[in-house]
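Hi,

Here is the structure I promised to pass on.

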Amino acid sequence: MPVAAPLVETRLNGLPPHRQGKVRDIYDKGDALLLVATDRFSAFDYVLASGIPDKGRVLTQLSAFWFARTQHIVSNHVIETDANRFPSELRRHAEILAGRSMLVRKTSPIPIECVARGYLAGSGWKDYLATGTVCGVRLPPGLRESDRLPEPIFTPATKATSGHDINIGEAEAGQLIGAPLVERLRALTMALYAFGAAHAERCGILLADTKFEFGLTPEDDVLLIDEVMTPDSSRYWPKDQYAPGRTQVSFDKQYVRDYLEQIKWNKQPPVPALPDAVVAKTREKYREAFRRLVGRELD
């Protein structure tokens, strides 16, 4: 069966989105937001010239899966995920929106990202090599790349509008948003990570690390927002191929990052296009992560 071309931009009723992220088109619907996950693919802080078919559907449907299953830990911003139940002016676009959009409650986003790490990888591994710590958290000596940590750690980061997010310590996070709110977010982050990691491991996948975003309602209630434990916001490793001491095979963006390193892209414009084989392999990695975690095929 032929694969549909990736959806890289939306215009509803001929109108462009209220704002665009690297992946999502966001429409302001008054008291709510419509989030549409496109198939755009970002790496090294740039949106690449190639989209990945089905990627937006994976991000949306996997987030919906986690939102529904973590409400006992924290409430979230989801109003509706079924495009056929959207307001009438949106239902006419159901063919575009189905499976890749959600209507959500507006919140005031809290300006830190809440990162949970259960394994030593990525920027955490580089930090550990240089200082023996990860975001100020002292770790035992002698750990290898990809080692499981003695216990998961909370490592907040500032949310950059462009460029890399910056890892910070809990004390610095407290200066930004107040220590009581940091403590609340830490507890929620670690509970969400524990729940997600346990489910993933039962599915043959290791959730090495992930990031969460939270928002505040006018009543100062904390809601889980954005996306949840997707291949874009997480490191997912197949458990049967896990071998500490090296970079791991993964279901996330690492496959594309490795290709871009291989071609020695200087991480500056112009952005490269991906070969068809890399696009196809990345699409299948995202779909396989969804299939394993959710237990069904992508809609």
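**Aromatic pairs**

With a relative accessibility of 4%, Y119 counts as buried (buried is under 20% relative accessible area, exposed over 50% and partly exposed in between, with a 1.4 Å probe and protein chains only). Before I go on, the ground rules: this is a predicted model, where local features need pLDDT of at least 70, side-chain atom pairs count only at pLDDT 80 or more, and totals for chains, interfaces and linings use all residues. Residues are numbered from 1 along each chain as its sequence is written, and side-chain values use heavy atoms, with hydrogens and water left out.

Back to the rings. Searching the whole structure gives nine aromatic pairs. For these, rings of Phe, Tyr and Trp (its six-membered ring) pair if their centres lie within 6.5 Å; planes under 30 degrees apart are stacked, over 60 edge-to-face, and the rest tilted. Y119 pairs with Y242 in an edge-to-face arrangement, at 5.7 Å centre to centre and 80 degrees between the planes. Y119 is in strand β9 and Y242 in the loop between β17 (234-238) and α7 (254-262), so this pair ties together parts 123 residues apart in sequence. Helices (H or I, at least four residues) and strands (E, at least two) are DSSP runs, numbered from the N terminus. Y242 is partly exposed, at a relative accessible area of 25%.

W125 and Y128 make a stacked pair, 6.2 Å centre to centre with 25 degrees between the planes. The two sit three residues apart in helix α4, about one helical turn, and both are buried. Elsewhere, F44, Y46 and W265 are linked into a cluster by ring pairs.

Two lysines also lie over ring faces: K253 over F41, at 5.7 Å from the ring centre, and K267 over F44, at 4.6 Å. The rule here is that NZ of Lys or CZ of Arg is within 6 Å of the ring centre and within 35 degrees of the ring normal.

Which residues of helix α4 (residues 122-131) are buried? They are G124, W125 and Y128. Seen down the axis of α4, these fall within an arc of 100 degrees, so they line one face of the helix (the arc is that of the directions from the helix axis to the C-beta atoms). On the face turned away from that buried side are the exposed residues K126, L129 and A130. The buried residues of α4 pack against β9 (112-119) and β10 (133-134), where contact means heavy atoms within 4.5 Å. After α4 comes G132, which has a positive phi near 75 degrees.

In helix α5 (residues 170-177), the buried residues are A173, G174 and I177. Around the axis they cover an arc of only 105 degrees, which puts them on the same side of α5. A171 and Q175 are exposed on the face turned away from the buried side. The buried residues of α5 pack against β9 and α6 (179-202).

**Cavity and pocket**

A word on the method: on a 1 Å grid over the protein atoms alone, a cavity is a set of points where a 1.4 Å probe fits but cannot get out, while a pocket is an open set with protein on both sides within 12 Å along at least five of seven lines; lining residues have an atom within 4 Å of a point. Grid points are joined across faces, edges and corners, and a volume is the space filled by probe spheres set on the points.

That gives one cavity of 30 Å³ or more. The largest cavity has a volume of about 70 Å³, and its lining includes R24, D226 and E227. β3 (32-37), α1 and β7 (101-105) each supply at least two residues of that lining.

The second largest pocket holds about 260 Å³ of space. It is lined by 15 residues, of which Q61, T81, G99, R296 and D299 are the closest to its centre. Helix α1 (residues 55-69) gives the most to the lining of this pocket, with five residues.

**One exposed arginine**

R85 is in the loop between β6 (78-80) and α2 (88-91) and counts as exposed, at 61% relative accessibility. Leaving aside residues up to four places away in sequence, R85 touches E80 and R91.

Cheers
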